[in-house]
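Below is a short note for a colleague who has not seen this structure before. The points can be read alongside the sequence and the model.

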Amino acid sequence: MRNPKKYLRAAIRVATTNLRLGFGKLLHGSNLKFNPVTCLALSDGIELSARSMVDFGSRLRTRGRCSFNVQGTGKLSFGNGVFLNSGCQFNCRSSITVGDNSEFGPNVFVYDHDHIFRGGVPVDGEFACGDVKIGSNCWIGAGTIILRGSNIGNSCVVAAGSVVKGDIPDGSVYVQKRQTTLLKIK
């Protein structure tokens with residue numbers, strides 16, 4: 001038997017998403033694209049600069065507390081049927097692309113830029129950028145961090161807690177084993 005409360009909650013989330021993104025569309029025009037069945041949680045945060053662009057694709061769903069921060073001339077684009085578990089963050093200044101039917105575990109962070117350091121000090125407002133591409137039908141495990149310049153192929157699995165920097169070929173299972181190193185400070 002179907003749960004009518006579940007369907008009512010989903011309908012309310014879709015309606016509130018359309019209202020919220022509709023107001024955003026008034027401010028950003030063609031730089032903000034979404035489908036009427038996009039389903040964002042009320043706790044999700046969206047921050048766009050005047051020249052940035054976001055395409056939420058069709059049937060994007062979030063669990064809540066997700067953050068979409070697109071600055072400068074950044075372009076954030078999602079394919080169709082993407083699912084983001086709670087706490088995912090997308091920080092974009094260049095380009096982040098996610099393919100169709102990819103799923104993200106909780107607290108996945110994606111960055112297409114790093115701060116530039118000179119003499120061990122960050123230079124205010126200067127960033128090194130590199131596009132991030134995540135293929136279709138991928139599963140990104142909880143707590144994964146994806147760094148600038150990374151390219152994850154289609155049908156990949158990235159194990160929970162991994163840090164991704166570089167290329168992962170199509171159909172790969174990526175597991176990063178971390179080794180703890182103790183540093184003695186005098």
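1. Why does V173 count as exposed? The model is a predicted one, and in it V173 has a relative accessibility of 63%. The cut-off for exposed is over 50%, so V173 falls in that class.

2. V173 lies in strand β21, which covers residues 173–174. V173 also contributes to a nonpolar surface patch of about 370 Å², together with W139, V157 and V175.

3. Strands of a sheet pair through backbone hydrogen bonds, either parallel or antiparallel.

4. L76 has I96 in β9 as its bridge partner.

5. Another open sheet consists of 6 strands with parallel pairing, ordered β2-β5-β8-β11-β16-β19. Its edge strands, β2 (45–48) and β19 (163–164), each pair on one side only.

6. Which strand does β11 join through 2 bridges? Strand β11 (residues 109–111) is joined to β16 (residues 145–146), and the two run parallel. Opposite V110 stands I146, a residue of β16.

Notes
Residues are numbered from 1 along each chain as its sequence is written. This is a predicted model: local features need pLDDT of at least 70, side-chain atom pairs count only at pLDDT 80 or more; totals for chains, interfaces and linings use all residues. Side-chain values use heavy atoms; hydrogens and water are left out. Patches are made of residues with over 30% relative accessible area and no salt bridge: like charges are joined within 9 Å, nonpolar side chains (Val, Leu, Ile, Met, Phe, Trp, Tyr) within 5 Å. Accessible areas come from the Shrake-Rupley method with a 1.4 Å probe; for residues, only the protein chains shown count as cover. A salt bridge is a side-chain nitrogen of Lys or Arg within 4 Å of a carboxyl oxygen of Asp or Glu. Helices (H or I, at least four residues) and strands (E, at least two) are DSSP runs, numbered from the N terminus. Buried means under 20% relative accessible area, exposed over 50%, partly exposed in between (1.4 Å probe, protein chains only). Two strands pair if DSSP finds at least two bridges between them.
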